[in-house]
Structure formats: structure tokens, C-alpha cells
Amino acid sequence: MRIFSSRSILSLTLLLTSFFFLSYIRGEAQTPTAPPQQSGAGGVSTGGTFAPVLDAEKRPITAGGYVDAGPIIFQNIADKAGLTKWHEQSGTPEKKFIIDTVGAGVALLDYDNDGWLDIYLVNGSTYDALDGKTTPPHAALFHNNHDGTFTDVTAKAGVANDRWGEGVAVGDYDNDGWPDLYVTNFGKNRLYHNNHDGTFTDVAEKAGVTLGNWSTGPTFGDYDGDGRLDLFVPGYVHYDVAHPPSLESCQFRGVRVMCGPRGLPGEADHLFHNNGDGTFTDVSAKAGVNDPNHYYGLSSVFADVNNDGKVDLVVADDSTPNYLYINKGNGTFEDDSYSSGYALNESGRETASMGIAIGDYRNNGLLDIYNTTFSDDYNPLYRNDGDANFTDVSYQMGIADITIPFLGWGDGFIDYDNDGWKDIFVGNGHVYPQVDQQNWGTSYAQRPLLFHNIDGKKFAVVPAVKGTGLAAVYVARGVAFGDLFNDGKIDAVINQMDGVPVLLRNVTKNDNHWVGFQLVGGPKSPRDAIGSTAYLTAGGVRQRGDVLSGGSFASNNDARLHFGLGGSTKVDALEIHWPDRTTEKIAIPTVDRYFTIQEGKGIVPGVYDPATKQHPHTARHSK
């Protein structure tokens, strides 16, 4: 536990004062005025009102700024892949109320254990569907056909949800070797148990995890080290469809818009302990993560941010301070949100946080955090300085100003070019359709942003080349990342508000190498190895990879670990820290392929190479 003396409190006060002063004298290219407010409802937290940023053709930079030539990174192949017959729907196109605007997540998972990632897309709903007047919009599960196309198997699988969907997390909560789905909703949530035959059964009622009202981006993690995945579910706004906020009271930049979240009642967060018998117990208050402030939670992820072998809990909150809970190892957490530096941004101000990306962008063994925020604010990059102390370095890294006109949602640290350094991808899209009628330098549909990592010292904006996936506009919400084609390149799937899915296939051309791992936990670890950390050394660079659940915005990424190797043609060392605190060093015989690694057994035969034999050079020891 951290104890603060009067000297440390004084130092913190002086530090915050310095941040305000530096922000004042820095003189950014875009100078803000006072933050816009929504009268009555309070609105959203932003950094101020900024001058429009337009490209050479007088378009908002969020829907322009394209270049004629450059490296082609992504192409949208959703239509060719068979995904565009499905579309997301939330409320009405006018977006009169906050529930219409938040959108839904997406998960990448191998639900049938065939070695290929499938896609689960959460759907919203409509007011007529809530009233029982029309059939509700369905969620969708798309099976990977191994040939670049996908087949909608939702009906057969039994995962349509048919509720006002929000987020999704993947985790094998019963350790049977098959991934399960937890889907959050406005209304009761669902826990889809994988039946091993291509179908799922909703067991949320029996498991005791239905909740109610408005749940958002969940995460699975074994917080108490008993080898079973527990479940954390953030709450957003406590909302009443029958009595929505008055449309007469809310404005943004003088224009009437939907109300919230500020001024609306918040919804509590929940931590469910896995009892090992198919049921869960709500231990939120006992564990110290129940959110007594009722902040507006949107996304969450269990991850070990202080390298003590226990997963901590990171929660992104909209227009209220973020939470960082440090795992004390006795079933409880310490709220280090403020003392860690994660609660607020560089200016000492809360942000409208949407998505969470977690990864080691400096290759120094420490997990950093990148949050997306509302338009008229920058996305903060929180550098981990050790012992879970974070510094907002977005301006230092050169990626703050460009994000101000954008409204960010799903995000991730991905090594898109396999050079061994984690880059940043951001999906964007506004919540107010009215912005298209205003000269604010922003737009409702927005292009994604991709930042290239330069040896962990700076990030550079990757140009949006005309005719490619980075130069198209989307109303993005959930974004999930993974290798959908088993070619060693990380792709992205975007769930669009009121639109069809986007599948950004990674078409980067270079000679860089890669290697990937599917981890399988032992008897004292979660079977799907969530909470594991791997350290890979190649070409003199030591990278870190973590098996995580949740994150991004209300979404779930590929659970396999992916490492870009640059020009290296071999792995010098691989060390895996399993959730049960066991460490293994494993020799990797080759690159440019996936391996299945089982705790205590090393490389084992699997779906990626049925002929693979257990590798003999496996060392195992306990901490």
C-alpha cells in the first residue's frame, strides 16, 4: 500500500500546477477556449473548443487529409468476405438519446477450435423492438471458412442475443478448453457457454451474472489466482427509456444534441468471483471495485501493470476519472487511480475515455496504456514508469494534436509491419450527426488513425493513401485485432454504428518475419491462459506479450500472442510467466508460423501443425 506524507502531497500539488503551467505556455497549434457544456445535463468532458482543421480541399481532417501515394497497409474486404449482409442498428438515425449513440463491440475468437479466428459482432436494438412491436436486430457470429470468406452461423450457434447489445468478452470460464462469450446489454446480460458442437447455451441466469440496466465493456481474469476466470463488468449510465432526458436542455457548441453522460445517474461496476461450479458471486464491494462514485464506465481489462504476477484492473470512464486498481493478492484491490497518474490526463483533467489499448510499446517489459477520448480533446498515451506509475506522454511522442478533431473508440497496440515494435491503431466516429452541418473541422463518419512506432522513441502518423482502408470513413465503435488469415499479419474488424462491418485486411508488403503462440494453461492456471505474460528475444530486442480479455472499446482481440521479428530468422529465447506463477523457458525451432504451447509440456501437437512433436528443450521452474 502506498502511504503519502505531507511532502509527497505537496509534491503532487506542485506537479499538477506545473502541468497546468506547461499546458499554458506550450502553445499548441490548436488553441482551446473554455470547454463546451450541455446545459442541464452537463454533457461530456473535453479539452475546449478548437479551431477547425481542414485539408487542402477544405474537408474536415477527420474525413480528409489523404495522400496520392504511400505504403498501403489495409484494404477493406468486408464485402468480399461476406460480412456486409449484416448491419448494426442502435436507436434512431437522429441520435436523440445517449443510448442511441454508444454502439457495440466485436470479438475475435476461435469458437470451434479449428485454428482460424471467427468473428462475433454485437448489435444494438430499436425502441420498437424493446416494446415488442418488431423483431429485434440480431448479433452475428461469422464462421471463418479458411478461404478469405465467412459464413453467418448465428442461428445455428444460438448467439443472436436479441437484446440491446453493448460489449463482449471471451474467456473459458469453466476450463473445458472451449471459449465462452459474455455479452453485455442495456437490460440483462448473457453468458454463452460453448457446447463444443458449434452451438452455445445462455447460462447467465444460472450463473448469476445477468445484472440489468446498462453494462458495457467486460473483461475476464483470474484475480485471486485460483485457476478460474473471474468476470468484471463496468456500468455506464443508469438509464430509463420511458423517461429520457429532455431534448430541450442539452447543447454542444450552441447546437441542440442528445444529453449526457454528465448530469445523468451513473451505473455501478461489478466483479463476479468464479465459484468453480458454473456460478459466480458478486464480490464488488468486498474487493473494493464497486465504483461508489458511479462513474460512467465504458471499457475494462485485467492486466498485470506492476509486474508482480497478479492481474490488476484498468477501467476507462467517460467524462469522469479513470480507475486503476492494484491487486493486493488477498482478494482485494487498492484504488491507485490518482496516485498512479492514470485517473487524469497531463493537464490534471478527466477525459471522456472510450477505449483501452494495453501493450509494451518501448520493449522494456512494462505495460503502457493508450486511451481514446471525445472530439475536442487528445488521446492520452500513459507511459508506465515502473511500479504502475504512469505519465501522459502523448505530446512528447508527437501524437496528441492530430487526434483532437477525432472522436476515438476501439484501439489497440499492434505490430502491423512485424518490425518488432508495437504501433497504435484507432477507430473513430462521432456521436452527434449534427456535426456534418457545422464548420467545426470534424465529421460524423471519420477515418481511422494509425501511428507507426519508431523504436519506442516517437510515433509517426501513417499516411492515409487514397483508395485504401485508412482513407475511408466509418462510424466506428468496437474494434478488434487479430490474424484472421493465419498469414502472420494483424488485421482489424470494426463494428460500425448503423452500418455494415469493416474488415481491414493487412496487406503490408515487406520481408519481416513473425511468430505466434496459442497458450494452454496447466491445472492451476486458466485453461485459455488469460493472464499469461511472454517475453520473446530476437535480434537483440526483448518483447512482451500478454494474453488478455476485453479492452479496446467493449471488444475482444485475438487471444494468441503475436510477435513481429523484423529481419530476424530465429527466436533467441522465449520465457512464459503463467498465471499460477510458474515460469517456463522454451526453445522455438522456427519462425513464420503458429505454435501451441501447453504449460508444463512445451510445444505440443495442435491445429497449426498436427505433425508437431513435443519439443525436448523445455525448462520448467517455479518462482
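**Close-up views of a predicted model**

**View 1. Phe517 stands opposite Leu561 in β34.** The model is predicted: local features need pLDDT of at least 70 and side-chain atom pairs count only at pLDDT 80 or more, while totals for chains, interfaces and linings use all residues. Residues are numbered from 1 along each chain as its sequence is written, and side-chain values use heavy atoms, with hydrogens and water left out. Strands (E, at least two residues) and helices (H or I, at least four) are DSSP runs numbered from the N terminus. In β37, the residue opposite Phe517 is Phe595. Contact means heavy atoms within 4.5 Å. Leaving out residues up to four places away in sequence, Phe517 touches Leu536, Arg560, Leu561, Phe563, Leu574, Ile588, Tyr594, Phe595 and Ile597.

**View 2. β34, β31, β37 and β38 form an open sheet of 4 strands, in that order, with mixed pairing.** β34 and β38 are the edge strands, each pairing on one side only. Direction ignored, neighbouring strands of the sheet are turned by 40 degrees against each other on average; the axes are lines fitted to C-alpha atoms, and angles run from 0 to 180 degrees between N-to-C directions. Two strands count as paired if DSSP finds at least two bridges between them. β31 pairs with β34 in the antiparallel sense over 5 bridges, and with β37 in the parallel sense, also over 5 bridges. Buried means under 20% relative accessible area, exposed over 50%, and partly exposed in between (1.4 Å probe, protein chains only). In β31, 7 of the 8 residues are buried, and the strand is mostly covered. β37 is largely enclosed by the rest of the structure, because 4 of its 5 residues are buried.

**View 3. β37 and β38 form a hairpin with 3 residues between them.** Strand β38 covers residues 602–604 and pairs with β37 in the antiparallel sense over 3 bridges. The bridge partner of Thr596 in β38 is Val604. Gly600, in the turn, has a positive phi of about 85 degrees.

**View 4. The largest nonpolar core has 36 residues.** Such a core is a set of buried Ala, Val, Leu, Ile, Met, Phe, Trp, Tyr and Cys residues joined through side-chain atoms within 4.5 Å. Leu191, Phe517, Ile588 and Ile597 have the most contacts inside this core. Two or more residues each come from α5 (204–207), β11 (230–233), β31 (513–520), β32 (533–538), β34 (561–566), β35 (573–577) and β37 (594–598). Another core, of 33 residues, lies apart from it and includes Val257, Met258, Ala352 and Ala554.

**View 5. Asn123 is found in the loop between β3 (118–121) and α3 (127–130).** Asn123 counts as buried because its relative accessibility is 2%. A polar atom of the Asn123 side chain lies 2.7 Å from the backbone oxygen of His138. The backbone oxygen of His87 is 3.3 Å from a polar atom of that side chain. Leaving aside neighbours within four places in sequence, the residues in contact with Asn123 are Trp86, His87, Glu88, Gln89, Ala104, Pro137, His138, Ala139, Arg163, Trp164 and Gly165.

Note on methods. A polar contact is a pair of N or O atoms within 3.5 Å; within protein, one must be able to donate a hydrogen and the other to accept it, and residues adjacent in sequence count only if both atoms are side-chain atoms.
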